[in-house]
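Dear colleague,

Please read the notes with the coordinates open beside you.

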Amino acid sequence: MSARLVVLGLAVWLGVLLILPGKGFAESFVVFESDGWTGMKRFDSEQRIFSRCSVSMHYVSGTELDVSWNRHMELELWLENDAWELEEGTSYPVRLQVDQHQILHARAEAEYAEGVYIYVRKGEWFFNLLKKGRFLKVFTQAEMLDFDLTGSATALNKMRACTVAALKEEKATKQANPFEQKSASHSQTKSKFDDLEYTQAGPDDVDTKAFALNALMMPSLRHYETVPSEEFGDKFKDVPVVWRGAGSLGIIFRLEGLDLEKLAMALTLEVSAKCDGPFDSSKSPFRLRDGGNGMQVQILCHGDEELNQVISLYPAEAGGYFAVINLSKDTEDAQKAASQFHMAVEDMMRGF
């Protein structure tokens, strides 16, 4: 069942408009081909908005696998087979596994008689597995469906970049409100359609400076040094504290207006949109010594001149989260710097 059957019709090469009424995104068109995977950009015809980008593969079993990043930056799987006779609206338990990695439990929703939709929890983690994996196994109550993932890495990167670019384009084309004056002391960023909007405290924010400077006094950061923001011209003029060490540059902001999950999503979308080439991203929640919850977001750009960013979100007593951003061309340097800063925060909390 894992053998692949590549079907490339004239419509694929011309990128003509396709009509797929059953899937809830009625209009779509081909945007790329990659090692047999077909990349699609899809729109919701009823709401007249961008819906998702996806990559699909047809298999000799007759089943089509469709992997999507939707406009909420969530990972989805769609399975379709013309021979299936499903009861629309029915939900089926399934288990997902890439190679020999951890099994993920999910629900397959029968959207129409020939196809199911599967929302993937832990989307960032599972997305990276799909890129690196050889086979995807979908265990149903009756059988195991097996899908060859050969060539998926490049296709999946292009697919996700397609979603990011589409949302960025949508944001750019929205008409500004001529009746509202925006505050000069705060920057507001609209990251996607679902009001992922946050505010940024100014460069003189006392809490942000205290958090960063106290951390930089801890033993794990003793070789780091603060840098005057003026050294970088206007690039970091709104940054409260800038430091360097371990081959990376560190900056910090205090961001308010979103809960932890939505803030991580907004930053992922915003930063990854600036990667010109392929990139990897992941989110890892963590719990601090004092019981506070945080999140680490990694956006690793693979272009020659691109910077990798590891963003650690720490809860701030003044409200919102401190976004500690470590930037480096070298992935390991950015990750090492983030790890050392995290050690410093833990040391602060235990009064080291």
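Glu 231 is partly exposed, because its relative accessibility is 47%. Its partner is Arg 244, whose side chain meets that of Glu 231 in a salt bridge with an N to O distance of 2.7 Å. The two residues lie 13 apart and link distant parts of the chain, with Arg 244 in strand β15 (residues 242-245) and Glu 231 in the loop between β14 (225-226) and β15. Arg 244 is likewise partly exposed, at a relative accessible area of 29%. Please keep in mind throughout that this is a predicted model.

By the rule applied here, the count comes to 11 salt bridges. One of them joins Arg 52 to Glu 76, where the closest N and O atoms are 2.7 Å apart. This pair too links distant parts of the chain, since Arg 52 belongs to strand β4 (residues 49-58) and Glu 76 to strand β6 (residues 75-81), 24 residues apart. Arg 52 has a relative accessibility of 10% and therefore counts as buried, and Glu 76, at 2%, counts as buried as well.

In a further pair, the side chains of Arg 289 and Glu 346 form a salt bridge at 3.8 Å, N to O. Arg 289 sits in the loop between β17 (279-287) and β18 (293-301), whereas Glu 346 is in helix α6 (residues 331-349), so that the bridge links parts of the chain 57 residues apart. Here the two ends fall into separate classes: Arg 289 is exposed, with a relative accessible area of 52%, while Glu 346 is buried, at 15% relative accessibility.

Leaving aside residues up to four places away in sequence, Phe 126 touches Leu 75, Leu 77, Leu 96, Val 98, Leu 104, Val 120 and Leu 136. In soluble globular proteins, nonpolar side chains tend to be buried together.

Conventions: Residues numbered from 1 in each chain as written. Predicted model: local features only at pLDDT ≥ 70, side-chain atom pairs only at ≥ 80, totals over all residues. Heavy atoms only, no water. Salt bridge = Lys/Arg side-chain N within 4 Å of Asp/Glu carboxyl O. Helix = DSSP H or I, 4+ residues; strand = E, 2+ residues; numbered from the N terminus. Buried < 20%, exposed > 50% of the residue type's maximum accessible area, 1.4 Å probe, protein only. Contact = heavy atoms within 4.5 Å.
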